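Hi everyone, thanks for coming. I'd like to walk you through one model today, so please have a look at the screen.

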Amino acid sequence: MSSLLLSSISTFFIVLSAVLVAIGWALVKNKKIEAHKKTMFAAAISALTFFIIYVSRTLFIGNTAFGGPDEYKIYYTIFLVFHIILATTGAVFGIVTILAGYKNNLVRHRKIGPVTSIIWFFTAITGVMVYLLLYIIYQGGETTSVFKAILGF
């Protein structure tokens, strides 16, 4: 399977997770708690699916280098680092928020849930931008497997 295809699939799942978070947010505002729980669980599964595809692609196919103009590479790299920090922060906040909800710690859940959602929206938006910059706006650079890079095969 190509890096582009797997990246397209994983990007779909991260966008789906953000859409589900938005729906879940609307549901809880309308006091539809059970629907909120199910929707947010689906959002978490979607985000986890993204992560599994991303890690698998990174391990077995590799990462695609930025293929745009050299003078833009530093800006892309800074943007990518910002996205990675957002994604990591969003994932940690997401786990904490979900656990607080399932443990019925609603004070904590209500306090950090909106923050988590906003972080996740920005993660999804910047993730789509990374995808567009790597595969749509510019032709992707070289893709090298982690195994090939480390072990030579």
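So, what pattern does the chain follow when read along the sequence? The answer is α-α-β-α-α-β-α. In total that comes to five helices and two strands, where helices (H or I, at least four residues) and strands (E, at least two) are DSSP runs, numbered from the N terminus.

A word on the ground rules. This is a predicted model, where local features need pLDDT of at least 70 and side-chain atom pairs count only at pLDDT 80 or more, while totals for chains, interfaces and linings use all residues. Residues are numbered from 1 along each chain as its sequence is written, and side-chain values use heavy atoms, with hydrogens and water left out.

Now the overall picture. Taken along the principal axes, the C-alpha atoms fill a box of roughly 50 × 30 × 20 Å. Of the 153 residues in the chain, 32% are buried, that is, under 20% relative accessible area with a 1.4 Å probe, protein chains only. Among contacts (heavy atoms within 4.5 Å) with a separation of 6 or more, 77% come from residues 24 or more positions apart.

Let's zoom in on one residue, Thr11, which sits in helix H1, residues 3-29. Is Thr11 buried or exposed? Thr11 counts as buried because its relative accessibility is 13%. Its side chain reaches the backbone oxygen of Ser7 at 2.7 Å. Leaving aside residues up to four places away in sequence, Thr11 touches Val128 and Tyr131.

Terms used
Buried means under 20% relative accessible area, exposed over 50%, partly exposed in between (1.4 Å probe, protein chains only). A polar contact is a pair of N or O atoms within 3.5 Å; within protein, one must be able to donate a hydrogen and the other to accept it, and residues adjacent in sequence count only if both atoms are side-chain atoms.
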